Amino acid sequence: MSYQRALEAINLRRTDRIPQIEHISHPEFIKKITGKTDWNSSWEVLAEVYRPLDLDFAIYTEEGYIPEWERMSQSKDTSWGLESTSWRTAYRCKEIEDVYLYDPWKDQEEKSIQELVTGFNSNWSKIQSLFGDVALVAGGLYRTLFMWPLMTFGWELFLEAAMNAPEKFKRIIDGFAEIAMRDISAWSKVPIKVFASHDDLAMARGPIFNPEWYRKYIFPWYKKLWEPLKANGIKILFISDGNIEFLLEDIWEAGADGVVIEPVINLKNLIEKRGRDKIIIGNIDTKTLRFGTLAKIEDEIKRCIEDAGNCPGYFLNVSGGLPQDIPLSNVDAYFDICARYKSRVK
C-alpha cells in the first residue's frame, strides 16, 4: 500500500519503490485519469488521481485563524489549473512606523487549543479518509514564522523594518511566534505522522537575509515551536522556496527531520551529507517538464534517482507542482518514466 510505503520512508526504512508526492493541478491530465471535469473539492480529485498513479504522500496545511482584513484584502489571481494562485496587492500597514507599532495578536480571533485541535483534526481526518490506504497525509502550517510578517506587511515593509531596526522588529517576530506556537501545540495533538512546516526563507540565489539574522531571530524559535511535535513522535518536514543550502545545518539543528527542496539545491551534495538520516523530497525541475523534450524529462528523473534513489527517505517530486501550462504529453511522459524507474533493485 502507498500509505505504508510513505510511512516506512519517513521512518527511513527502505521500501520496494521510491515513494512519490505530487501536487497536480492540471485539468486535462486530471480529466484523462478520472474522466471528470467537475469536482466538489481539489482534495477529492487529488485523492482520485493518486491511486492509479501509485503516489504515496500528500500535505494538508491549516492555520488557526487567518485575519479578516487579509481575507477581505485586495489580491490578484491567475489560473493555475485545478486551483488558482494569487498575490496580495494591499497589506496591513502603509508606513514603517505602523509596522513597529503593530500587535500580531490584535488581528487574531480568540480560540482555545482544544477548539483548534477539534478543527484541525476534523479537517485533516476528512482528507486522510479520502486517501485511505492510498497515501499518507501530513498536517502542517503554511505560515510557520517567516511567512507571517511577509504576508502581513508585504516584502518591502517587512524587509525595511526588519533590516533597519532588527531589535525593534524582534517584538513583532516574537508575537507571530506565539501565534505559531498556539497552532503547532494544537497540531501536535492531532494523530498525524508528519508535520509540514513551511517558510520561504530564500530565493534562487540564496537566503533573503544574512544567515546570522535567521540564527538570531528565527531558528531559536523553530526549535521551541517544534518541541511539542517531537515530544509526540511527529516527524517535521521543512519546506522553503529557493536555495536554503546555507541554512540547512541550522534547520537540522532546530529539529527538522527532512526538507522539500527545489532544483537550485545540489541534490547530490545534500544526499552525500544527510541522505541516510534525513527525509529528502523533490529536486525535479518544473521547467524541464514545461519546456523539455521527452529525453530531457527522462534525464531529469534519472538524475534524481541516480543521486538519491538508494536513500530510504527520498521522495520523487516536481518542485513547483504540475500546473496547466505543462504540455499534457509531457505530464503523461513524466509519470510513465517515473513508474519505469521507481522500483528498487533488491
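Helices, in the sense used here, are DSSP runs of H or I with at least four residues, numbered from the N terminus. Keep that in mind for the stops below. The model on screen is predicted.

**Stop 1: the whole protein**

Show everything as a cartoon. The protein holds 15 helices and 13 strands. Its radius of gyration is 20 Å, close to the 20 Å from the globule rule for 346 residues, so the protein is as compact as a globular protein of that length.

The accessible surface is about 15,600 Å², and carbon and sulfur atoms own 49% of that. Of the 346 residues, 55% are buried. Look at the contacts with a separation of 6 or more: 75% of them join residues 24 or more positions apart.

Colour by charge next. There are 44 positive and 52 negative charges. Their mean positions lie 4 Å apart.

**Stop 2: the loop at Ile24**

Select Ile24. Where does Ile24 sit? Ile24 is in the loop between helix 1 (2-10) and helix 2 (27-34). Is Ile24 buried or exposed? The cut-off for buried is under 20% relative accessible area. Ile24 has a relative accessibility of 3%, so it counts as buried. Ala58 is 34 residues from Ile24 in sequence, and the two C-alpha atoms are 11 Å apart in space.

**Stop 3: helix 12**

Select residues 267-274, which form helix 12. Which residues of helix 12 are buried? They are Leu267, Leu270, Ile271 and Arg274. These residues cover an arc of only 100° around the axis, so they lie on the same side of helix 12.

What covers the buried residues of helix 12? The cover includes three strands to pick out: strand 9 (258-261), strand 10 (279-282) and strand 12 (314-315). It also includes helix 11 (248-254) and helix 14 (294-308). Show these elements together with helix 12.

**Stop 4: Val318**

Finish at Val318, in strand 13 (residues 318-319). Its relative accessible area is 2%, so Val318 is buried. Which residues does Val318 touch, leaving aside neighbours within four places in sequence? Select Glu22, Ile284, Thr286, Leu289 and Tyr334: Val318 is in contact with each of these.

Gln20 and Val318 are 298 residues apart in sequence. In space, their C-alpha atoms are 9.4 Å apart.

Conventions: Residues are numbered from 1 along each chain as its sequence is written. This is a predicted model: local features need pLDDT of at least 70, side-chain atom pairs count only at pLDDT 80 or more; totals for chains, interfaces and linings use all residues. Side-chain values use heavy atoms; hydrogens and water are left out. Helices (H or I, at least four residues) and strands (E, at least two) are DSSP runs, numbered from the N terminus. The radius of gyration is taken over C-alpha atoms; the globule rule is 2.2 Å times the number of residues to the power 0.38. Buried means under 20% relative accessible area, exposed over 50%, partly exposed in between (1.4 Å probe, protein chains only). Contact means heavy atoms within 4.5 Å. Accessible areas come from the Shrake-Rupley method with a 1.4 Å probe; for residues, only the protein chains shown count as cover. Lys and Arg count as positive and Asp and Glu as negative; His and the chain ends are not counted. The place of a charge is taken as NZ of Lys, CZ of Arg, CG of Asp or CD of Glu. The arc is that of the directions from the helix axis to the C-beta atoms.
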